[in-house]
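The report below walks through one protein model, part by part. Please keep the sequence and the structure in view while reading.

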Amino acid sequence: MMTPNVIAIMGPTASGKTAAALALAQHLPCEIISVDSALIYRQMDIGSAKPSAAELAAVPHHLIDIIDPAEAYSVAQFQTDVMELVQQISARGNVPLLVGGTMMYFKVLMNGLGDLPPANLEIRARLDAEIAANGVQSLHARLALLDPITATRLPPGDTQRIQRALEVIELTGQPLSTLFAQQTTIEPPLNIHAFSLEPSERSVLHQRIAQRFDVMLQQGFLDEVCALRARGDLNLNMPSMRCVGYRQAWEYLDGVYDLAELRERGIIATRQLAKRQLTWLRSMPERIVLDCLQPDVIQTMLQQLERWNYRSK
């Protein structure tokens with residue numbers, strides 16, 4: 001079988017990916033596949049900047065609201081779901097359009113998924129208990145001894161990936177960095193024509209991030225998190241509640257800090273996310289970089305897509 005062709009719009013948070021995708025869909029027969037690890041969760045609409053009901057109705061969307069916040073969703077499952085969707089969308093004569101900012105997801109779609117051991121619930125539960133007792137920083141310190149390369153790459157607060165790195169060491173006896181260096185990945189599953197929306201001025205992106213966080217608070221973000229807490233089956237160690245903004249709102253509701261500090265911490269965490277996303281993007285030389293602050297982004301995309309033989313409606 002031929003490797004399927006797809007279009008991708010990547011970029012850091014608040015770079016205008018959703019707006020660009022909706023605009024592009026006015027010119028091409030697209031169906032949007034979300035590449036966002038927060039949009040998969042139901043009941044998490046405001047803090048994840050989920051597209052509005054009108055936006056979701058304007059163009060077919062996929063991989064949004066697919067699991068409960070208490071459930072897990074692996075990178076391998078994401079890859080499987082995307083491959084099935086690409087085949088279905090292509091069979092309908094439409095163009096699969098990947099849109100989002102979860103760079104690990106994009107990396108798997110571009111480079112394939114290596115052969116790493118699956119999650120081990122017993123080890124995860126033990127690591128969760130250690131975090132509850134001593135904090136994630138203690139696990140990061142242990143990782144720095146066992147796998148300094150991976151520890152340097154991961155922020156001390158990145159609970160999910162620190163746990164995974166220690167889990168892999170326990171299951172295989174080898175550091176994750178060593179396994180990555182030894183891996184031979186499968187052939188890339190998709191032929192991705194990728195655009196990356198990146199700001200020419202980082203300060204403008206920071207302004208957008210602050211404005212969006214303020215809008216989320218005005219829209220009732222804290223009420224959304226209150227409702228999630230009231231369920232009684234969620235906690236801060238779950239991937240859903242580790243999404244940027246949700247952890248800070250949860251801690252505010254715990255009385256850890258006041259509203260002003262919530263705002264400051266939420267904005268800082270989102271800026272840090274954007275910085276990590278841009279670092280990932282710089283490692284993807286095959287992308288077409290577009291300045292997200294310029295008004296002619298869509299026209300530039302269409303011109304490039306015509307060179308790639310994509311046909312307008």
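## A contact around Glu198

In this predicted model, the side chains of Glu198 and Arg287 are joined by a polar contact of 2.7 Å. Glu198 is found in strand β5, which covers residues 191-198, and Glu198 counts as buried because its relative accessible area is 12%, where buried means under 20%.

Leaving aside residues up to four places away in sequence, Glu198 touches Leu278, Leu281, Arg287, Val289, Leu290, Asp291 and Cys292.

The protein is divided into domain 1, made of 5-113 + 188-308, and domain 2, made of 121-182. The C-alpha centres of domain 1 and domain 2 lie 26 Å apart, and six residues of domain 1 are in contact with seven residues of domain 2. About 530 Å² is buried between domain 1 and domain 2, and carbon and sulfur atoms give 46% of that area. On the side of domain 1, Met104, Asn237 and Arg242 supply 70% of the area buried against domain 2, which is more than any other three residues supply.

What kinds of residue does domain 1 place on the side that touches domain 2, by class? Across the interface of domain 1 and domain 2 the rule finds zero salt bridges, and it likewise finds zero residue pairs in polar contact when both residues are at pLDDT 80 or more. By class, the side of domain 1 that touches domain 2 has two nonpolar, one polar and three charged residues.

## Salt bridges elsewhere in the model

Side chains of opposite charge can pair when their charged atoms come close. The structure holds 15 salt bridges, and one of them is formed by Glu170 with Arg126, with the closest N and O atoms 2.7 Å apart. Glu170 lies in helix α8 (residues 159-172) and Arg126 in helix α5 (residues 121-134), so this pair ties together parts that are 44 residues apart in sequence. Glu170 is partly exposed, with a relative accessible area of 44%, and Arg126 is also partly exposed, at 35% relative accessibility.

Asp254 and Arg229 meet through their side chains in a salt bridge of 3.1 Å, N to O. Asp254 lies in the loop between α12 and α13, while Arg229 lies in helix α11, so the pair ties together parts that are 25 residues apart in sequence. Asp254 is partly exposed at 46% relative accessibility, and Arg229 is partly exposed at 25%. Arg231 forms a salt bridge with Asp233, where the closest N and O atoms are 2.8 Å apart; Arg231 counts as partly exposed at 27% relative accessibility, and Asp233 counts as partly exposed at 36%. Salt bridges that share partners also join Asp45, Lys50 and Asp65 into one network.

## Helix α12 and its surroundings

Which residues of helix α12 (residues 246-253) are buried? They are Tyr246, Gln248, Ala249 and Trp250, and these buried residues of α12 pack against α11 (221-230) and α13. The helix α12 is followed by Gly255, whose phi is positive, near 85°.

Helix α13 spans residues 259-282 and holds Gln272, which is partly exposed at 44% relative accessibility. Gln272 and Arg242 are 30 residues apart in sequence, and their C-alpha atoms are 14 Å apart in space.

Not counting residues up to four places away in sequence, Ala25 touches Cys30, Val59 and Lys313. Ala25 and Leu97 are 72 residues apart in sequence, whereas from C-alpha to C-alpha they are 8.8 Å apart in space.

Definitions and conventions. Residues are numbered from 1 along each chain as its sequence is written. Side-chain values use heavy atoms; hydrogens and water are left out. Domain bounds come from an automatic or database domain assignment. Contact means heavy atoms within 4.5 Å. Buried area is the accessible area (1.4 Å probe) that two parts lose on being put together, summed over both. A salt bridge is a side-chain nitrogen of Lys or Arg within 4 Å of a carboxyl oxygen of Asp or Glu. A polar contact is a pair of N or O atoms within 3.5 Å; within protein, one must be able to donate a hydrogen and the other to accept it, and residues adjacent in sequence count only if both atoms are side-chain atoms. Ala, Val, Leu, Ile, Met, Phe, Trp, Tyr, Cys and Pro count as nonpolar, Asp, Glu, Lys and Arg as charged, and the others, Gly among them, as polar. Helices (H or I, at least four residues) and strands (E, at least two) are DSSP runs, numbered from the N terminus. Buried means under 20% relative accessible area, exposed over 50%, partly exposed in between (1.4 Å probe, protein chains only).
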